[in-house]
Amino acid sequence: MDFGLLVLRLLAGLLIAGHGVQKISFRLGGEGLAGGAEEFRHDGFRGGRLTALAAGAGQIGSGLLLAGGALTPPAAAGAVGVMTVALTVKWPHGLWVQKDGYEYPLFLVVVASALALTGPGRYSADQLLGLLPWPAWAAGAAVAVGVGSGLAVRVLLHRPAPSTTTDTTDTTDLRSSA
């Protein structure tokens, strides 16, 4: 079980961290901080560079901590938070990634939550530092704080979508009747 948790932590944590690297640099296929800022603007978020930098740093930090099994509940909260934001962006497209859906962010939210619930296992920084076992409430708090912070970011930084309804009033008729 401990080896399985190590493999799961390494894969999920490094994928999350890599996603953050893409947001703020040209590494791993990223388009630099300007590209990350543009992605957030395209998705309807305020803040541009600052938003991209915060999201990228959150993903890198939480991903590396998860991969190392270090401070697992706070690391899981960070990962759940940033992936909850991504999930809300992808939500309108449905579940499946082929349609730009939320399948991948949902999977990472669940994996990070599961790691908070199970703990990082014996082969972890938390074990080396004598932090295990984490109190049971820490896992629930990690998931709740992660989801709550992700939803708060969505509410605070996301701009409402422009109205797509078209006004069918013929203004020429209104002007001519005046």
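This is a predicted model: local features need pLDDT of at least 70, side-chain atom pairs count only at pLDDT 80 or more; totals for chains, interfaces and linings use all residues.
Charged pairs come first. Side chains of opposite charge can pair when their charged atoms come close. Here the count comes to four salt bridges, and three of them are worth a look one by one. R122 pairs with D2, with 3.0 Å between the closest N and O atoms. This pair links distant parts of the chain, 120 residues apart: D2 belongs to helix α1 (residues 2–24), while R122 sits in the loop between α5 (103–118) and α6 (125–128). D2 has a relative accessibility of 19%, so it counts as buried, the cut-off being under 20%.

K23 makes a salt bridge with E39, and here the closest N and O atoms are 3.4 Å apart. Because K23 is in helix α1 and E39 in helix α2 (residues 32–42), the pair ties together parts that are 16 residues apart in sequence. The two partners fall into separate burial classes: K23 is buried at 6% relative accessible area, whereas E39, at 37%, counts as partly exposed.

Next up is D100 with K90, whose closest N and O atoms are 2.6 Å apart. K90 is in helix α4 and D100 in the loop between α4 (72–90) and α5, ten residues apart, and the pair again counts as a link between distant parts of the chain. Both ends are partly exposed, D100 at 36% relative accessibility and K90 at 24%. D100 turns up again for its backbone: its phi is positive, about 65°, although the residue is not a glycine.

On to the nonpolar side of things. In soluble globular proteins, nonpolar side chains tend to be buried together. The largest nonpolar core in this model has 19 residues, and L66 and A112 have the most contacts inside it. At least two residues of this core come from each of α1, α4, α5 and α7 (136–157), with α4 giving the largest share, seven residues. Leaving aside residues up to four places away in sequence, A112 touches L66, A76, A79 and V80. Another core, of seven residues, lies apart from this one and includes F40, F45, A55 and V89.

L65, L71, L128, L129 and L131 make a nonpolar surface patch of about 490 Å². Of these, L65 lies in helix α3 (residues 49–68) and is partly exposed, at 33% relative accessibility. L71 is found in the loop between α3 and α4, and at 41% relative accessibility it also counts as partly exposed. Then there is W91, in the loop between α4 and α5, which counts as exposed because its relative accessibility is 51% and the cut-off is over 50%. W91 and P105 are 14 residues apart in sequence, with a C-alpha to C-alpha separation of 9.9 Å.

Finally, the backbone. Most residues other than glycine have a negative phi, and most peptide bonds are trans. Against that background, L71 stands out: this patch member has a positive phi of about 50° without being a glycine. The peptide bond that joins L132 and P133 is cis, with omega at about -5°, and P133 lies in the loop between α6 and α7.

Terms used
Residues are numbered from 1 along each chain as its sequence is written. Side-chain values use heavy atoms; hydrogens and water are left out. A salt bridge is a side-chain nitrogen of Lys or Arg within 4 Å of a carboxyl oxygen of Asp or Glu. Helices (H or I, at least four residues) and strands (E, at least two) are DSSP runs, numbered from the N terminus. Buried means under 20% relative accessible area, exposed over 50%, partly exposed in between (1.4 Å probe, protein chains only). A nonpolar core is a set of buried Ala, Val, Leu, Ile, Met, Phe, Trp, Tyr and Cys residues joined through side-chain atoms within 4.5 Å. Contact means heavy atoms within 4.5 Å. Patches are made of residues with over 30% relative accessible area and no salt bridge: like charges are joined within 9 Å, nonpolar side chains (Val, Leu, Ile, Met, Phe, Trp, Tyr) within 5 Å. Accessible areas come from the Shrake-Rupley method with a 1.4 Å probe; for residues, only the protein chains shown count as cover.
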